[in-house]
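The following note sets out several points for a colleague reading the model. It is arranged by topic.

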2 protein chains.
Amino acid sequence: MRGLHADTGYLLYRLGLRSGQLFNTFLQESGLRLRHYAVLRYLAGSEGALQRELSAQLGYDPSAIVGLVDDLEKLGMTERRPSPDDRRSKTVVLTDTGRSFLRGTDEAGRRVTNDLLAPLDPAERDTLQALLLRIADQP
Amino acid sequence: MRGLHADTGYLLYRLGLRSGQLFNTFLQESGLRLRHYAVLRYLAGSEGALQRELSAQLGYDPSAIVGLVDDLEKLGMTERRPSPDDRRSKTVVLTDTGRSFLRGTDEAGRRVTNDLLAPLDPAERDTLQALLLRIADQP
DNA sequence: GAGCAATAATTGGTGACGTCAATAGTTGTT
DNA sequence: AACAACTATTGACGTCACCAATTATTGCTC
């Protein structure tokens, strides 16, 4: 038990880096990165989201959202639609292209998490997931 | 249970970012960053380490180690000593200044992890720590 | 209902960071 | 003696988090 490895906070930091790397290498061939993937999967569960909603929910800076949605739009995976009740904001929606991309990579994404959590059995994975969720739901 | 938040791999990624941020803000006043702190704490437990050992153990690129050790040296917290058996490598050791800095920040570091894990009771923290260690010890 | 603070998207800049390629000096091997 | 492998180092490139400023629009307030 030596050095920083004994520290849970530091462990989280290191494993977060590794997890991000794994996701990015798996996404590499598609030309997207983890951040794009996060946006797509959020949209898949919400049927349209304002950019500021994406920023708040995913934790990315508003200025970062602009670039991400630009990229996705160029690939035809999302569309910006004017918000009916507020002309300042735009609603980002998934296109059919985006939806079918998600279906195609769904299983590959699960494989990434599987690799990462390989040493844990199903019950332990549930435990870990529950603990992490509790931490994540903090202000 | 919507979007990527249901995915343990993604949760790890997000919490890793948050953990790193917390560490960095706590270290801000000292002029160091998390990476420097990691080097210091590794050295505290090893009584001298080759730079390539730091690179391998902490997971930073060898070229990143150079800059980190440069910074620490400028602050008088570490020293580079020629390795007796191999003139290619250098041994990095903690100075008294570095050691006393670690003592001073020891408790502040624990507070960071405490904040992060606030929603968990001691037994749950142990569980989390054990699970993360098992994942971290993967090849 | 006119003026003004707050908000949504956007642009631009800065510093930290991961990654890779290349180099000089040194070691071990054959 | 020649050559492959290794250590520390430098430099370059793209990504990313963070912050400030701008434009268009909305809601509040007096």
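Which residues does B:T95 touch, not counting residues up to four places away in sequence?

1. Contacts of B:T95. The model under discussion is predicted. In it, B:T95 touches B:G76, B:M77, B:T78 and B:E79, residues up to four places away in sequence being left out of the count. B:T95 itself sits in the loop between β3 and α5 (96-116) of chain B. A polar atom of the B:T95 side chain lies 2.6 Å from the backbone oxygen of B:G76. The relative accessible area of B:T95 is 12%. Because buried means under 20% relative accessible area, B:T95 is classed as buried.

2. The strands of chain B. Strand β3 (residues 90-94) of chain B is mostly covered, with four of its five residues buried. Strand β2 (residues 78-82) of chain B runs antiparallel to β3(B), and five bridges join the two. Strand β1 (residues 49-50) of chain B also pairs with β3(B) in the antiparallel sense, over two bridges. At the level of residues, B:V92 in β3(B) is the bridge partner of B:A49, and B:R80 stands opposite B:V92 as well.

3. A covered helix in chain A. Helix α2 (residues 34-44) of chain A is likewise mostly covered, since eight of its eleven residues are buried. The buried residues of α2(A) include A:L34, A:Y37, A:A38 and A:V39. A:H36 is also on the list of buried residues, as are A:L40, A:Y42 and A:L43.

4. An exposed arginine. Is B:R52 buried or exposed? B:R52 is found in helix α3 (residues 51-58) of chain B. Its relative accessible area is 60%. Because exposed means over 50%, B:R52 is classed as exposed. B:R52 and B:R111 are 59 residues apart in sequence, and their C-alpha atoms are 31 Å apart in space.

5. The surface near DNA strand C. DNA strand C is surrounded by 20 residues, and the closest are A:Q51, A:R52, A:R80, A:R88 and B:R35. By class, this surface has ten charged, five polar and five nonpolar residues. Of the atoms of DNA strand C within 4 Å of the protein, 75% belong to sugar or phosphate, and the rest belong to bases.

6. Phosphate contacts. A backbone N or O atom of A:R52 lies 2.6 Å from a phosphate oxygen of DNA strand C. For A:K90, an N or O atom in the side chain is 3.0 Å from a phosphate oxygen of DNA strand C.

7. Relation between the chains. The same surface serves both copies, as 98% of the contact residues of chain A recur in chain B.

Terms used: Residues numbered from 1 in each chain as written. Chains lettered and ligands numbered in written order. Predicted model: local features only at pLDDT ≥ 70, side-chain atom pairs only at ≥ 80, totals over all residues. Heavy atoms only, no water. Near = heavy atom within 4 Å. Polar contact = N/O pair within 3.5 Å; in protein donor to acceptor, adjacent residues only side chain to side chain. Nonpolar A, V, L, I, M, F, W, Y, C, P; charged D, E, K, R; others polar. Buried < 20%, exposed > 50% of the residue type's maximum accessible area, 1.4 Å probe, protein only. Pairing = 2+ DSSP bridges. Contact = heavy atoms within 4.5 Å.
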